[in-house]
Amino acid sequence: MATLNHLKIVFTGTPGAGKTTAIGALSDTPPVVTDVRNTDASLGKENTTVGLDFGQVDLGDGQFVRLFGTPGQLRFEFMWQIIATDALGLVILIDNSRPNPLDDLAIYLDAYKDLLPTMSCAVGIGRTIECPLPTVDDFCDMLAARGLLFPVLAVDVRKREDVLTLVDTVLVQAEMRL
Amino acid sequence: MISPSSTVPSDRRELKLLVQNLTDADLAKAAAFLRIGRERLKFDWKIVYSGELDVLMLGSDEAQTVRGMVDDPVATLRVVDAHAAGAETSSHLVRPLEYERFIEMLSGVERRVAATPAAAPAATPVSSKPSLNTTPPAPAPPPAVVLPPAARFRLRRWPPLALLQGYRYHPRLASFLSARHLDLDELARLSNVGKEECQEFLLALMKGEVLDVELAGARRPEPPPTPPPVSTAGTTSPRRPVSSSPAIDRGLLSKIRLSLGLTWRR
Amino acid sequence: MSSVPTFLSQQARQVAQSLLTAIEGTRAVVVATADGFDLVQVGYSGVEASRLAAMVSSFAALGDAASRESGLGTPRCLVIDSTDGRLMVRCMQVRDHAIIVVVVTDKTALLGLVWNHLAAAEKAMNAE
């Protein structure tokens, strides 16, 4: 029987990809959000996460799954590693409407390259309807070129079911490692 | 007889692939490739052994026909060994037959066919020499779409959302299939999911072209799969934590699913 | 890149310079936007200004979240008291712009003195 009383799943990815939204969709309690006003005009957002997002799911008996969201911008890379250490799994959310979504994914694959071999991971691509390119296959090709085969799913994080599917694929990978 | 055609009635034009002097393995592969690649091809392909043809697929240098009595097929595909002279020629298929190359060549033929006005397929008279490895097939009922016998499967791509959402075991099956080639029995045993459901999922994956299919003849040796832990809810101990993270067991993962409200259609 | 008004960058530089001069034991002063861009660094803190700016903005945002969750309102100051010195972080509001001023000191700097100087600096920036 596990003696721990918490697990964590980390949501990372590009600014505007929906990390805060995804955590909000799953968390039992209103998530802690560390959004501040954005001063970077290129981001196209009013607010941006600079600390971390935090939500949790109560499993009962004092056990929780903690959901953490990292800040998306590269200058907060130091937070990415800190937050992801000892995580059950990682969900990378990519916004396909950005100029170079494949380059965006590469940033996170590089940042987490030491953790990925032993960590469950799923990639969620958002806004694929408005911006169908690159395709999900393009992302899969990129992962395959790095010797990685993770779930890559076109999702809308405003739909709880899509977020759940991403998390479920993380859980099945964790099951495989048992 | 192995037939690649689907049981689903089709309004697609049919092209006939006449095969001569192919080995059993080559013939089985060609049939499997046509079945798997049906969605990628624009026409319905049918393997025939005599009579009218559109494309000739040869396992020898020359077609066994009476010279001068064969109208040119749209294309002739020669199956050669890798070390054979001229193996790299663009119209040659090198053994072992490879799916992508095979489909690519047929797609090229289809483009040529589509570009020319429809003509009656070439007629082959009865060959003057009996071919070694072919027998005229008896008329067969439309075959069901089935998994290639004794084949092993592995995911090339993760399945799309539509194949995962609402299905209790599909993500689990996908996870096992992502790790190594498995046959149907192995998949069912490792995943603890019923064989019928595994089969349905595999067929859906084949149709979606996200599956790598390894036929019996082309099998590469792989390490034996790890036997699955006994799966009883909430009581399984962790076997080998891979990372330094806290111990995780199946019961906890089930609790997570329950708490998140992960529900399934089936 | 951050887009902040020129006046703010200029004020930030003046404030940083005066804090460096006024507080004994100060090694460096960094002024950052709330979303983690560095505006000014004076002195030497041992770490790149851009990196420190990002870190303290996270720190400040987390402090803000903790303060609100605890029902304590908006945080004014956060302190990291380390073995060889301190980082003192003041969250300031300067005419609708949220900035963060970080004073990096050795162990000799007096905490209360730094706080007073930071409070005075915020008042001064809003008065101009």
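Modeller: Start with chain C, which follows the pattern α-β-β-α-β-β-β-α along its sequence. Keep in mind throughout that this is a predicted model.

Colleague: How many helices and strands does chain C have?

Modeller: Chain C has three helices and five strands.

Colleague: What share of the residues in chain C is buried?

Modeller: Of the 128 residues in chain C, 45% are buried.

Colleague: Next, charged pairs. How many salt bridges are there over all chains?

Modeller: The general idea comes first. Side chains of opposite charge can pair when their charged atoms come close. In this structure, a search over all chains finds 19 salt bridges.

Colleague: What does the salt bridge between R127(A) and D95(A) tie together?

Modeller: R127(A) and D95(A) meet through their side chains, at 2.9 Å from N to O. R127(A) sits in the loop between β7 (120–126) and α4 (136–145) of chain A, and D95(A) in strand β6 (residues 89–95), so the pair ties together parts that are 32 residues apart in sequence. D95(A) is buried, at 6% relative accessibility. R127(A) is partly exposed, at 38%.

Colleague: Which residue forms a salt bridge with D44(B)?

Modeller: R12(B) does, and the closest N and O atoms are 2.9 Å apart. This pair links distant parts of the chain: D44(B) is in strand β2 (residues 44–48) of chain B, and R12(B) is in the segment before β1 (14–20), 32 residues apart. D44(B) counts as buried because its relative accessibility is 14%, under the 20% cut-off. R12(B) has 23% and counts as partly exposed.

Colleague: Where do R95(B) and D81(B) lie?

Modeller: Their side chains form a salt bridge, 2.9 Å from N to O. R95(B) lies in the loop between β6 (92–94) and α2 (99–115) of chain B, while D81(B) lies in the loop between β5 (75–80) and β6, 14 residues apart. R95(B) is partly exposed at 22% relative accessibility. D81(B) is partly exposed at 32%. Salt bridges can also share partners: D137(A), D141(A) and R157(B) are joined into one network that way.

Colleague: Now a helix. How many residues does α1 of chain B have, and what span does it reach?

Modeller: Helix α1 (residues 24–36) of chain B has 13 residues. From first C-alpha to last, α1(B) reaches 18 Å, close to the 18 Å expected at 1.5 Å a residue.

Colleague: Is α1(B) mostly covered or mostly uncovered?

Modeller: Mostly covered, with ten of its 13 residues buried.

Colleague: Which residue caps the N-terminal end of α1(B)?

Modeller: T23(B) does, with a side-chain oxygen 3.1 Å from the backbone nitrogen of D26(B).

Colleague: What should I look for in the backbone angles?

Modeller: Most residues other than glycine have a negative phi, and most peptide bonds are trans. Now the cases here. N21(B), in the loop between β1 and α1 of chain B, has a positive phi near 55°. N21(B) is buried, at 13% relative accessible area. N192(B) has a positive phi of about 65°. Its place is the loop between α4 (184–191) and α5 (195–207) of chain B, and N192(B) counts as exposed at 54%.

Colleague: Which residues does the cis peptide bond join?

Modeller: L133(A) and P134(A), with omega at about -5°. P134(A) is in the loop between β7 and α4 of chain A.

Colleague: Last, an interface. What area is buried between chain A and chain C?

Modeller: The size of an interface is often given as the accessible area lost when the parts come together. Between chain A and chain C, about 1,400 Å² is buried, and carbon and sulfur atoms give 59% of it. T39(A), R75(A) and F78(A) lose the most area on the chain A side, together 42% of what that side buries. In contact terms, 17 residues of chain A meet 19 residues of chain C.

Colleague: Which residues form the salt bridge between chain A and chain C?

Modeller: D35(C) and R75(A) do, with their closest N and O atoms 4.0 Å apart.

Conventions
Residues numbered from 1 in each chain as written. Chains lettered and ligands numbered in written order. Predicted model: local features only at pLDDT ≥ 70, side-chain atom pairs only at ≥ 80, totals over all residues. Heavy atoms only, no water. Helix = DSSP H or I, 4+ residues; strand = E, 2+ residues; numbered from the N terminus. Buried < 20%, exposed > 50% of the residue type's maximum accessible area, 1.4 Å probe, protein only. Expected span 1.5 Å × (residues − 1). Polar contact = N/O pair within 3.5 Å; in protein donor to acceptor, adjacent residues only side chain to side chain. Contact = heavy atoms within 4.5 Å. Buried area = accessible area lost by both parts, 1.4 Å probe.
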